[in-house]
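Hi,

Here is the structure I said I would pass on. Have a look at it first, and my notes follow below.

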Amino acid sequence: GLVLRGKLLSLLGYSLLRTGNNLESAKKAFDDSIQVTKEAINEVKLLSESGQPSKSLVETKRLLTTTLGESKAGLNEIVTYESLNGLLKDSSQKDIIKNLDSVLDITPGKTDLHLQKNKHLIKRKRWFEVANHCEQLAAKASKYCGVEIFKGDLQDANPFPGMKLEELDPAYFTRSNTDVPQYLRVLPAAATREAVSLLPKELLPYYITSLRLEDRCDAAILVGRDLQKSGVSVGRIAQEWEKVNETIKLREQANVFFRNGEFSRAASLYKQCLQVCSETNSGGQINAVLHYNRGKCFYAMSQYQDACTEFTHAISIHSMYSDAILKRARCYIQMKDRKKASANFNRYLTLVEGANELPYPPKNKGSNCFFDMPSDVTYRQVESVRAEMKKHKLADISNDQKHNNAQLFDFSSFTERLNATFTGLNATFTELCCKKGVANQVVVKNRPKARQDLPRPAEIADGSNLRSSLNSRTSGTKIVRFLGDPPSRAPSMKSSDPRLLQSEFDTNGGREP
């Protein structure tokens, strides 16, 4: 009796704690569990002293000791929660998202905290992480779908009655057989339809907006159609659905004009698309790509100042947008501004060199977007850029300070070189600097030497990749990776898979932004 009662009280305390809505009741349940468990332990002790201790008494004492430890740990979690919750009142603190994650580990069922985290991520224009947070939450909830326990008198407690999963894998974000960290994984488009059904309704508008701004229009369309059928698509959700359709329509038209060489009309339509997507300067991958495409239109019309402005907008959204950095350098060449051109070329080369040494950016840090990263640049492209710099007689700072192959990466010298790239430029050149230091965008990770990474399709077509080429020259054990889609293009949106569209368009040899 006492053994079971103590365990049930402990489980009740944890159930109340995880919801985060009744901490006083959770604390009382833990206190009662500790009291009952201690009484039971004393009784077991008396029985053991009165005769030869049996195996059942030894096992009972072990179970009681375990329950006692769990209840005490529950009380400690409540203390930690109250301490962290006090810190959350200061929304200006630097580590507020980290503290929110810690609180959510204790009370994952508190929807208000999930909303608060999304709002802080949106304030920082980190839409990729908004989508990732929602999808991880949905994946955790999906483990309760179709569970056998919800039968009989527990049927009414089923949070998702009648729902069966076909696409969403509950272990998608916890599986360890992939090198991609949890915080950089993206659900397949088909799985997002089921994820929406598992999310709290309060999070739906934020999730749909993140799909649109992260250029996951195929997923946003599937989600929007399902919500319309279910009658949920009202208010802000309905507005997002309209924006998704308008974005796709305008961008398709702009892409057609660009491929036909009508750059002025294409730039005008990209601007209209930006007005749909960035009504509040919201950031996100789609805005970075639209600014980049618009910049290429101006570049093709020899309007280099306007092109430079658009590329700068793209870089302000995605600070490691390698194509945009390179294009802006070429704009400065055309405008005869050698200092800025040199700074941008060297920024490009320094980031690529860093990508060869450093893998994924740390959680909640680095660039706000994760596409067209420096690690996507091939060795052949780097050599072409260096030849271009040599042609224009620009100093290659990164080439003058190569790493010693026998040494590990010197991170301090890397950041010094990055800073040296921009030393001496006056205040008007501050637009060239990364908003966040490279030290915040990348971290070092070692892996066994014998392991080999599969080449990307672009690497197979283009030849040796920069990473594999440089790794072949060294004897170190470091393998480096950045998460990033292939360089942004402007394919049509007829296919449901943007990456499929990417590969289809590349093989056609057409002109695109």
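To start with the cysteines: the structure holds 0 disulfides, a disulfide being a pair of cysteine sulfur atoms within 2.5 Å. Cys134 and Cys369 both count as buried because each has a relative accessible area of 0%; buried means under 20%, exposed over 50%, and partly exposed in between, with a 1.4 Å probe and protein chains only.

Before you read on, note that this is a predicted model, where local features need pLDDT of at least 70, side-chain atom pairs count only at pLDDT 80 or more, and totals for chains, interfaces and linings use all residues. Residues are numbered from 1 along each chain as its sequence is written, and side-chain values use heavy atoms, without hydrogens and water.

As for the fold, you'll find 21 helices and 0 strands in the chain (DSSP runs: H or I of at least four residues for helices, E of at least two for strands). Of the 513 residues, 48% are buried.

Now the rings. The whole structure has 8 aromatic pairs (ring centres of Phe, Tyr or the six-membered ring of Trp within 6.5 Å; planes under 30 degrees apart are stacked, over 60 edge-to-face, the rest tilted). One of them is Tyr172 with Phe173, edge-to-face at 5.0 Å centre to centre and 85° between the planes. Tyr172 is partly exposed at 22%, while Phe173 is buried at 3%. Phe258 and Phe263 also pair edge-to-face, at 5.1 Å and 70°. Tyr292, Phe311, Tyr321 and Phe371 make up one aromatic cluster.

Cheers
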